[in-house]
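Reader: I would like to learn how to read helix packing and charge pairs. Can we work through an example together?

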Amino acid sequence: MADIDIPESLIALESAAWAEQQAGALTVETAAAVQQAYTEHAKAAKASRYEVEQATKRIVRHPEG
């Protein structure tokens, strides 16, 4: 997987979605916002949306490595 620059704003959105998911309270609005942000960033970065999502989740969910 290529190195992808993930902006802090996208990390913050994913962090919020992950916190909601862990609490059993993920809303459709939060999920849709983070998915839209993945798509927009991928388009701007000329990267795969899937790779952007996976890289962001790795940063948020597995910060140790």
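Author: Start with one contact in this predicted model. L10, L13, E14, A16, A17 and E20 of α1 meet T30, A33, V34, A37, Y38 and H41 of α2. By class, that contact holds 2 polar residues, 2 charged residues and 8 nonpolar ones.

Reader: How are α1 and α2 oriented to each other?

Author: Look at the axes. Those of α1 and α2 come within 9 Å and cross at roughly 150 degrees. Angles over 145 count as roughly antiparallel. Therefore α1 and α2 are roughly antiparallel.

Reader: Is the crossing of α1 and α2 left-handed or right-handed?

Author: Handedness is a separate label from the angle. For α1 passing α2, the crossing is left-handed.

Reader: What about α1 and α3: are they roughly parallel or roughly perpendicular?

Author: Helix α1 covers residues 8-22 and helix α3 covers residues 49-61. Their axes come within 9 Å and cross at roughly 65 degrees. The range 65 to 115 counts as roughly perpendicular. So α1 is, relative to α3, roughly perpendicular.

Reader: How do α2 and α3 lie to each other?

Author: Their axes come within 8 Å, crossing at roughly 120 degrees. That angle makes α2, relative to α3, oblique.

Reader: Which residues of α3 make the contact with α2?

Author: Take the α2 side first: Q35, Y38, T39, H41 and A42. Their partners in α3 are R49, V52, E53, T56 and K57.

Reader: Now the charges. Which residue forms a salt bridge with R61?

Author: Side chains of opposite charge can pair when their charged atoms come close. Here the closest N and O atoms are 3.3 Å apart. The pair links distant parts of the chain, 47 residues apart, with R61 in helix α3 and its partner in helix α1. That partner is E14.

Reader: Is E14 buried or exposed?

Author: Check its relative accessible area, which is 3%. Buried means under 20%. So E14 is buried.

Reader: Which residues are linked in a network of salt bridges?

Author: Begin at E53. It meets R49 in a salt bridge at 2.7 Å, N to O. E53 also forms a salt bridge with K57, the closest N and O atoms being 2.7 Å apart. The network therefore links R49, E53 and K57.

Reader: How far apart along helix α3 are E53 and K57?

Author: Count along the helix: they are 4 residues apart. That means a separation of about one helical turn.

Note on methods: Residues are numbered from 1 along each chain as its sequence is written. This is a predicted model: local features need pLDDT of at least 70, side-chain atom pairs count only at pLDDT 80 or more; totals for chains, interfaces and linings use all residues. Side-chain values use heavy atoms; hydrogens and water are left out. Axes are lines fitted to C-alpha atoms, for helices over the stretch in contact, and angles run from 0 to 180 degrees between N-to-C directions. Helices (H or I, at least four residues) and strands (E, at least two) are DSSP runs, numbered from the N terminus. Angles under 35 degrees count as roughly parallel, over 145 as roughly antiparallel, 65 to 115 as roughly perpendicular and the rest as oblique. A crossing is left-handed if the near helix is turned anticlockwise from the far one by less than a right angle, and right-handed if clockwise. Contact means heavy atoms within 4.5 Å. Ala, Val, Leu, Ile, Met, Phe, Trp, Tyr, Cys and Pro count as nonpolar, Asp, Glu, Lys and Arg as charged, and the others, Gly among them, as polar. A salt bridge is a side-chain nitrogen of Lys or Arg within 4 Å of a carboxyl oxygen of Asp or Glu. Buried means under 20% relative accessible area, exposed over 50%, partly exposed in between (1.4 Å probe, protein chains only).
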